[in-house]
Every structure is written in structure tokens, then in C-alpha cells.
Amino acid sequence: MSLQQLYLALLIGGLVLLASIVGTRVASRIGFPSLLFFLLVGVVLGEDALGLQFDDVELSRNVGTAALAVILIEGGLTTRFADIHNVLAPAAALATVGVVISTLITAVWAHLLLGIDWQLALLLGAIVSSTDAAAVFSVLRVLPLPRRVAGLLEAESGFNDAPGVILVLMFSVTPFVVEPAGAVIDLVGELLGGVAAGVAIGYLGAVALRRIALPASGLYPIATFGLGLVAFAAAGEAHASGFIAAYLSAVVLANSGLPHRSATRSFAEGVGWLAQIGLFVLLGLLVNPSDLAGDLVAAVVVGLVLLLVARPLSVVCSLVWFRVPWREQIFLSWAGLRGAVPIVLATFPVVSGVAGSYRLLNIVFVLVVVFTLVQGPSLRPVANWLRLISRESTREIQVEAAPLDMLDAELLTMTVQASSRLHNVTIVELRLPDPAVITLIIRDGHTFVPVPDTRIETGDELLIVTTSKTRAAAESRLRAVSRRGKLAYWFDEYGEVE
């Protein structure tokens, strides 16, 4: 490549990146899922539109695998262990038992309804049975779900890429032979190996970063992210699950009290967005719209089976021992978002030379596009219908502030609703747990710092600073007073999550 060609490639890449970033803002305003916008950019650049030819499936698989690792590391670095530690067992069940059940149900229906052979049917089931980490993480940032539900979805999406990849590789073998006992042993072995590698590298990395004084604060986020990549690659080299190792190592690092937490989180989100944009644009380049029309019906049929039969049954069967409320199970069934993961997994059998696998790639691409358009915008209405979004919920605001970072503090915001009993309660009567404090009130477009006898009014937006340790207690007190007033404890109201 000449220097001029390099300039041209960088110019095109930069323009595509900027267009994708601007498009994300526009897409979020009109309720269009950003991941579909990135796919659309790739399709427009492709040979059916602007004429850029790209058909290197193996390169797409390799780049896609690396990008998924980056997205999982970003998800782990932005995960609070307090949000997921109570749901690790049900999340693990959804990510393993749930994926296997969903795979088998989808495969049976695909074989019966579409008439494809068992190898392709099992491959199709395994490809579409994992929820997509990028899609789930992006939804959780804007949807104020209860922590239990959000943590369960988040942990599941972080864990279930690994079983999905293992099953796809298992079914991509030619000639096609499956030994159930050996398959279970391999699956469990790779998962346990990934867990061990992720936790060990995360813990050792956290110990090392506490003891090593790096010459610049900007090196801490890079070092933290690099440890996640080491966990991914080391586990993969040891024939364990690199995906689960990457996610768990990042979770351990993010919750080890390392310095520069806000900077690390911001860096991780930026790298994660870059990986998402590059991945979806590349996958959009890989397919030709003219080849997709013939598989539209097949994709819709498989998607309906997955959405209405396979996913709900996998949720019910996986969570039967965990007493998850039926409203949450319905939402978990509907919120099984698909995105880049199934499209990347669909490239594996193509690279392995499985006959008919190009059709699977087209079916999966259409399924992701159609059902993301259906599920993505509907999540908030469904959550409201199931009464999972509380009007009393607080929202975390991400800020770059060194003092907050040093204190392990968090900034929350809460709007006082018309039905709230917080109206006319003074700051001192609210009695938030120390050191939580309301630092600012926004009322009728004006801001002021409250004093102890300031009365809260309907419509106020409260900005609350609290530490990670006292956040749950502060939120419970706000909920309790909002429901029963300043004498909430006299009425045995302690603000439990409903």
C-alpha cells in the first residue's frame, strides 16, 4: 500500500467513524437501535450500494471475535459487583442450561418447519440462542430497571457468549458427529477453565496495579484493559473459554478499588463503542442485500420460534429453582436481545466449510435486523406494563471528578413525582444515611443548594452524593419516604424493591 492509499483509507475510515457517531445520536433520538444503524452503514458501503467489495469471512470471524472480547471487557469494567453478586447463580443457569434448551428447541422447529438437515438446524439454534452483550449493555444504560433484573440480564449476556461459541464449534465439525457425554465434559471443562483464568488474572492484576506506581494516570485504564485482553488470550490459548475469562477478569478489576475508576470506565466505554462500530460496519459489508430476500420468511419463522417459544421456555426451566417473580421472567424472556454475537457466530461454520452455512449467515442477519427493530424499542413499554420501572428509582450520573473517585462516591439523580410523599418533607426530616447528602435541587429550571430546613416539592430534581457502601440504604430511605412520608418506619415501610 502506497502512502497516498494509506491516506485515502484513513480518510474513509475516519469519515465512516464520524458518520457512525453522529448517526448514533440521531438514532437514539428517534428510537432507532444504534447497532442497526452501524449495520446499515456497512450495507451502504457494500457492493450492492457504493460498490466496496468485501467477502473475507475468515477475516470477519477473527476481527469479530476480537471485537466481542473488547465489548465483554468493557461490560465487565462498567459492572458493579453489588448489582450482580446476588444473581450469579440464576445468570449462570440462563447462560448454560438456558442456552442448551433454547438451542435444542430452535433446532427442532427449524428442522421441522424449514426442512434443513440436523447439523444446520443445531448450528442455527446455537448461533441465535446467546443474547448479545453489546445490545444488552447499551439498553441497560438508559432503562431504569430494578437492580436484580438489570444485573441478571447483564451477567447472563456476559456469560453466555462462551457456551454459544463452544456449541457452534462443536456442531461445525465435518463429518458431523455429536457425542453427548463428551460434549458435556468439554463444555463444562472450558467454562470452568475460563472462570479460573479470568478470576486469577483479574485478582493478580489488581494486586500488581495497587503496588506499581505508573508514571502517568492515563496508563491505568490502558493497563486495566490490557489485563482483560491477556485473560482472553491466555484462556483461549489454554483451550478454555476466553470470552468468560475476559468478562470475569474485568469485573474483578473494576471492583477491586483501583485508582482512577472514572477514567478507566470512560476509557472502556470509548473503546467498547469503537469496537461496536467497527464490528457492525464490517458485518454489514459482509452481506449483500440482494441475497437476503429469499431468506426473509425463514428468518421470521426462526425468530418467532426463538422469541415466543424457545427463549420463554429456557427462562422458565433455568429459573425454576430461584423463585424469580413471573413479571421478571416475562421481561427476561422478551429482553433476550440479539445483535453482533449471532452474526459473528454464523461466520464460524462458513470458515469451517459446512455445506449450506452461507444460508445460515443470511438467515441470522435478517433475524437480527427484524427482531432488533421489534424488541429494542418495545423494552421500555413492556417494562412499564409489567411495572418493573419505579417512578421512585434513582439514576446514576457518570462524571469525571477526582474527589468522588477518591471517596468511592457516586452521583445520583431522582425526580419527585406527583404521587410522592416526599413533597413538603424537609432535608433534615429525610434522614439519609451518613454520608449520603442532597447537594443540589433543580426546581422550575433554577438550581440551589438546600439547607437542613429546605422543603422538597413535587417536580424537584434531587442530586444526591453517596458512597458505594451507603447507596443501597440511601435509595431504600428515599423509596420509603416517597411511599409513606417522613414517618415511614412507623408504618413498617423500609423501601424494599417491589
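Reader: Does Trp 118 count as buried, partly exposed or exposed, and at what relative accessibility?

Author: Before that, a note on the source: this is a predicted model, in which local features need pLDDT of at least 70 and side-chain atom pairs count only at pLDDT 80 or more, while totals for chains, interfaces and linings use all residues. Residues are numbered from 1 along each chain as its sequence is written, and side-chain values use heavy atoms, with hydrogens and water left out. Buried means under 20% relative accessible area, exposed over 50%, and partly exposed in between, with a 1.4 Å probe and protein chains only. Trp 118, at 41% relative accessibility, therefore counts as partly exposed.

Reader: Where does Trp 118 lie, and how many residues of that helix are buried?

Author: Helices are DSSP runs of H or I with at least four residues, strands are runs of E with at least two, and both are numbered from the N terminus. Trp 118 lies in helix α6, which spans residues 118-128 and has 10 of its 11 residues buried. Among the buried residues of α6 are Leu 120, Leu 124 and Val 128.

Reader: Which helices do the buried residues of α6 pack against?

Author: Contact means heavy atoms within 4.5 Å, and the buried residues of α6 pack against α5 (88-114), α9 (161-171), α14 (296-318), α16 (340-351) and α17 (357-385).

Reader: Where is Asp 453, and is this residue buried or exposed?

Author: Asp 453 sits in the loop between β4 (446-448) and β5 (461-467), and with a relative accessible area of 58% Asp 453 is exposed.
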